[in-house]
Amino acid sequence: MGMAANPDRPTLRATWRNIRGARAVHGAWRNRAVWALTVYHCGRWVLGMRATPMRWVGNKVYGFAMIFTPMITGVSLDRHTRIGEKFHIIHPGMVLIHPEVRIGDRCGIMHGVTLGTSPSNPGVPVVGDDVFIGAAATVLGGVRIGDGAKIAANSLVICDVPAGATAIGVPAKVYPSMGASLGVGPLAGAKAHVAGGNGQSGGVARQRDGVELPAIKIG
């Protein structure tokens with residue numbers, strides 16, 4: 001898992017580079033996700049300072065900023081969280097991330113995502129590289145999300161998700177090969193074809209692992 005973007009003692013130059021990187025990922029300075037990540041990276045910089053009057057002042061400024069940042073940006077991202085390079089908050093709003101969570105490189109999350117603790121499963125999520133988490137998904141407890149995994153919208157994940165797998169549902173079920181067998185959105189590569197000859201227009205028949213699945217009516 002790549003964590004090079006957030007060393008324990010980031011320099012001011014590295015902090016500015018990370019902020020510019022956040023702007024490049026999100027496309028514009030006016031994007032609220034960039035504001036949240038700017039406060040985050042500045043907080044990381046202050047956290048890495050030695051015990052000096054400047055660090056004391058920086059901590060006070062950061063603490064004051066964090067009173068308003070979650071309300072203004074819709075993103076609760078503490079400076080103790082570890083995120084990798086090119087972290088993408090696709091639609092900022094109701095994003096809640098526990099301070100101890102670790103997130104790898106090139107991950108994307110939608111609005112309404114929660115990464116936090118669970119009374120029945122101690123610990124916090126550890127998210128690998130190239131992971132996508134859909135809108136309103138919740139990941140709780142000491143679970144590990146493998147590299148390249150996908151979590152569908154509105155899912156509740158309370159178990160590990162292997163690399164390349166897809167988690168769907170409440171509680172989520174894990175489908176190791178679904179990402180390669182459904183041709184919809186990020187789950188590209190499906191063996192899907194339009195059903196014909198059965199008098200049902202607009203149906204889509206699907207196959208997964210060589211097994212015919214029921215047709216989906218789309219019209």
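Two strands count as paired if DSSP finds at least two bridges between them; helices (H or I, at least four residues) and strands (E, at least two) are DSSP runs, numbered from the N terminus. With that in hand, welcome to a short tour of a predicted model, in which local features need pLDDT of at least 70, side-chain atom pairs count only at pLDDT 80 or more, and totals for chains, interfaces and linings use all residues. Residues are numbered from 1 along each chain as its sequence is written, and side-chain values use heavy atoms, with hydrogens and water left out.

**The four-stranded sheet**

- Let us start with an open sheet of four strands, which follow the order E2-E5-E8-E11 with parallel pairing.
- Its edges are strand E2 (82–83) and strand E11 (144–145), each of which pairs on one side only.
- E2 runs parallel to strand E5 (residues 102–103), and two bridges join them.
- Within this pairing, Ile83 has Ile103 of E5 as its bridge partner.

**Strand E14 and its partners**

- Two bridges connect strand E12 (residues 150–151) with strand E14 (residues 166–169), in the parallel sense.
- Here Lys150 has Thr166 of E14 as its bridge partner.
- E14 also pairs with strand E15 (residues 172–175), this time in the antiparallel sense and over four bridges.
- Thr166 turns up again in this pairing, standing opposite Tyr175 in E15.

**Backbone angles worth a look**

- For background, most residues other than glycine have a negative phi, and most peptide bonds are trans.
- Arg106 has a positive phi, near 60°, and is placed in the loop between E5 and strand E6 (108–109).
- The relative accessible area of Arg106 is 42%, so this residue is partly exposed; buried means under 20%, exposed over 50%, and partly exposed in between (1.4 Å probe, protein chains only).
- Asp130 also has a positive phi, near 60°, and sits in the loop between strand E8 (126–127) and strand E9 (132–133).
- With a relative accessible area of 37%, Asp130 is partly exposed.

**Aromatic pairs**

- Rings of Phe, Tyr and Trp (its six-membered ring) pair if their centres lie within 6.5 Å; planes under 30 degrees apart count as stacked, over 60 as edge-to-face and the rest as tilted.
- By this rule there are two aromatic pairs.
- Trp16 and Trp29 are stacked, because their ring centres are 6.2 Å apart and their planes meet at 10°.
- This pair links distant parts of the chain, 13 residues apart: Trp16 belongs to helix H1 (residues 12–26), and Trp29 to the loop between H1 and helix H2 (32–47).
- Trp16 is partly exposed at 48% relative accessible area, and Trp29 is partly exposed at 42%.
- Phe64 and Phe68 make an edge-to-face aromatic pair, with 5.2 Å from centre to centre and 65° between the planes.
- Phe64 and Phe68 are four residues apart in helix H3 (residues 53–73), so about one helical turn separates them.
- Phe64 counts as exposed at 53% relative accessibility, while Phe68 counts as partly exposed at 36%.
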